[in-house]
Every structure is written in C-alpha cells, then in structure tokens.
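User: I have a structure open and would like to understand the words used to describe it. Could you take me through them?
Analyst: Gladly, go ahead and show it.

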Amino acid sequence: MSEKTMEEKVEQATNSKNVSLPMSRVRLIMKSSPDVSCINQDALFLTTKATELFVQHLALSSYKNGSGKETNTLSYSDLANAAEETETFQFLTDILPKKILARDYLKSLEEMKKDDDSL
Amino acid sequence: MAERPEDLNLPNAVITRIIKEALPDGVNVSKEARKAISQAASIFVLYATSWLVARFVLYEKLYSGNLPKCNLCVDPSANNFAMKAKRKTLNAGDVMSAMEEMEFERFLQPLRQALEAYKKGQKGKKEASEQKRKEKKNITDENDKSRDEEEDEHMDDEQEGENEGEEEDVEN
C-alpha cells in the first residue's frame with residue numbers, strides 16, 4: 001500500500017511540472033518534417049513546452065496590442081495584426097492573413113491590372 | 001475514432017485552457033481566434049523543427065555523399081564534417097539554440113527550469129518503478145522459497161503459519 005502512495009506522489013509531482021500538450025502529438029508533427037530521424041526525449045519535452053509558451057505569448061501579445069481590449073474579447077483580427085506587426089510572429093502571416101472585404105480585394109486587383117496594362 | 005495520418009492539430013481543449021490561463025480573467029476568446037492559435041501552434045512546431053534540422057542537413061549536403069570516392073584523397077576536415085553530420089538525433093541543446101535563432105529568447109529561462117524539473121521527475125519515476133520491480137522480485141523469491149520448503153519437508157499447519165508470518169514481517 002505504501003508503494004502506491006509513493007507512485008501517486010511522484011506522478012503528481014511530475015504532472016504539475018510537465019506539459020499539458022501531448023508530447024506524442026508534437027512528435028507526430030515533427031516527424032512530418034523531412035530529414036527528421038530521431039528526437040531525444042528531452043528535446044521533445046522542450047519543444048512541447050516551448051509550444052505552450054508560444055501559445056501564451058501569442059494570445060497575450062495579440063490581446064494587448066489589439067482592439068479587443070474594449071470589447072474584452074480576443075478576436076481573429078487581433079492575431080492577424082500581431083502576425084503582421086510583430087517580427088517574431090512574421091512566420092505566421094501566411095496562415096493568419098488579414099481579412100479584407102471582397103470588394104476591396106477586387107478593387108486592388110483592378111488597380112494592379114491597370115498598372116500592368118500601362119507598362 | 002481512427003486518426004487520419006494528416007491530423008497534425010493539437011487538442012482544442014488543451015489549447016483553450018492555455019489561452020485562458022495566459023489572458024486576464026474574464027476575457028473572451030472567439031472561436032475563430034482559438035482555431036487560429038491552434039493552427040499557429042502546429043506551425044510553430046514545424047518552424048522550430050525546420051530550424052533544428054537545418055544545420056545538419058546543410059553539413060550533410062555539403063560534405064557527405066557528394067565527395068568523390070578517392071582512395072588517394074586525404075581530407076581530414078571533410079571527414080570531420082561528415083562525422084558531425086552523422087549525429088541524427090535532435091537533442092535539448094539543439095532546441096535551445098533554435099529558440100534563440102527564432103528570436104524567442106524569452107523562452108530560454110522558463111525552458112531551462114522546466115527541463116530541470118522534468119528530468120528530476122523522470123528520475124523519480126524511474127526510481128519508483130525500479131523499487132517496485134525490486135519489491136516484486138523479493139516477493140516472488142520468498143514465494144519460491146516457501147514452495148520449496150513445502151515440497152522438501154512435510155510441514156504441519158502450525159509451522160506453515162509461522163513461516164508465513166515471518167515472510168510478512170520481512171515484506172513490511
């Protein structure tokens with residue numbers, strides 16, 4: 001009976017210091033990248049932990065810089081703005097594009113075409 | 001539910017919790033924002049991984065395989081790079097360097113602390129399971145021993161009871 005308690009204690013301790021994101025899923029994502037063969041367990045833990053820190057950082061930075069403060073809501077546009085304006089989030093610009101109205105997009109397309117024609 | 005091999009998304013519930021914990025109390029998060037952050041997290045892993053592999057892939061392409069096989073060629077530096085490139089396992093140091101290169105120096109300190117705690121926890125787990133194994137082995141040994149004694153001697157119940165009592169003391 002005493003050994004069970006010790007095991008539980010150790011598990012509790014490790015869980016509170018470990019990560020919430022599943023390391024197995026993170027490993028899956030890393031393996032999808034070419035040229036990755038073996039990942040040391042510590043490296044996997046660090047990558048998982050870093051991802052958690054990144055999520056916190058992205059959420060908080062976007063909220064602070066965004067207009068969501070008035071509405072007390074973190075919105076997609078806050079994230080898109082952060083991706084464009086913050087250097088460390090630049091790698092996200094492709095997946096977090098700013099949204100524009102369709103008519104504005106069509107307008108800019110037309111203008112681009114005009115420029116091409118005039119050349 | 002079978003997982004599609006392309007499911008490189010992280011669990012929504014966990015992502016949501018991490019976001020909520022990072023933001024001030026009472027702040028809402030739109031569904032779209034949550035989904036976007038989840039995708040961003042997956043991209044982050046891929047981006048970090050590409051930084052991790054970039055260095056040895058470069059070495060490999062430059063120095064191994066493309067070298068002409070010539071018995072007369074003695075180029076010690078080329079051998080060294082090829083040998084360095086042979087290290088295929090990504091380790092903790094690589095991840096830390098990658099974070100620096102990605103300009104996430106703010107993560108370095110918390111990562112170091114987390115790694116220390118993790119290593120301690122792993123060590124504790126290992127010791128706990130080893131301890132468990134040892135105790136199991138002791139019990140098995142004791143059981144074997146008592147079985148042998150039963151076979152060898154024709155013991156009456158009293159003596160058996162005594163022996164069992166002794167064994168119990170040993171376990172405790």
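User: What makes H3(A) and H4(B) roughly parallel to each other?
Analyst: Happy to start there. The axes of H3(A) and helix H4 (residues 92-101) of chain B cross at roughly 30° and come within 7 Å. Axes are lines fitted to C-alpha atoms, for helices over the stretch in contact, with angles from 0 to 180 degrees between N-to-C directions. Angles under 35 degrees count as roughly parallel, over 145 as roughly antiparallel, 65 to 115 as roughly perpendicular and the rest as oblique. H3(A) and H4(B) are therefore roughly parallel. Keep in mind that this is a predicted model, where local features need pLDDT of at least 70 and side-chain atom pairs pLDDT 80 or more, while totals for chains, interfaces and linings use all residues. Residues are numbered from 1 along each chain as written, chains are lettered from A and ligands numbered from 1 in the order written, and side-chain values use heavy atoms, without hydrogens and water.

User: Which residues in H3(A) and H4(B) meet?
Analyst: With contact meaning heavy atoms within 4.5 Å, Asp42(A), Ala43(A), Leu46(A), Thr47(A) and Ala50(A) meet Ala92(B), Val95(B), Met96(B) and Met99(B). These divide into seven nonpolar, one polar and one charged; Ala, Val, Leu, Ile, Met, Phe, Trp, Tyr, Cys and Pro count as nonpolar, Asp, Glu, Lys and Arg as charged, and the others, Gly among them, as polar.

User: How many helices and strands does chain A have?
Analyst: Chain A has six helices and two strands, where helices (H or I, at least four residues) and strands (E, at least two) are DSSP runs numbered from the N terminus. Their order is α-α-β-α-α-β-α-α.

User: Where is confidence lowest in chain B?
Analyst: On pLDDT, the predictor's confidence in each residue from 0 to 100, helix H3 (residues 76-85) of chain B is lowest with a mean of 48, whereas helix H1 (residues 12-22) of chain B is highest at 96. Over residues 78-84 of chain B, pLDDT stays under 50. Where pLDDT is low, the predicted coordinates should not be read in detail.
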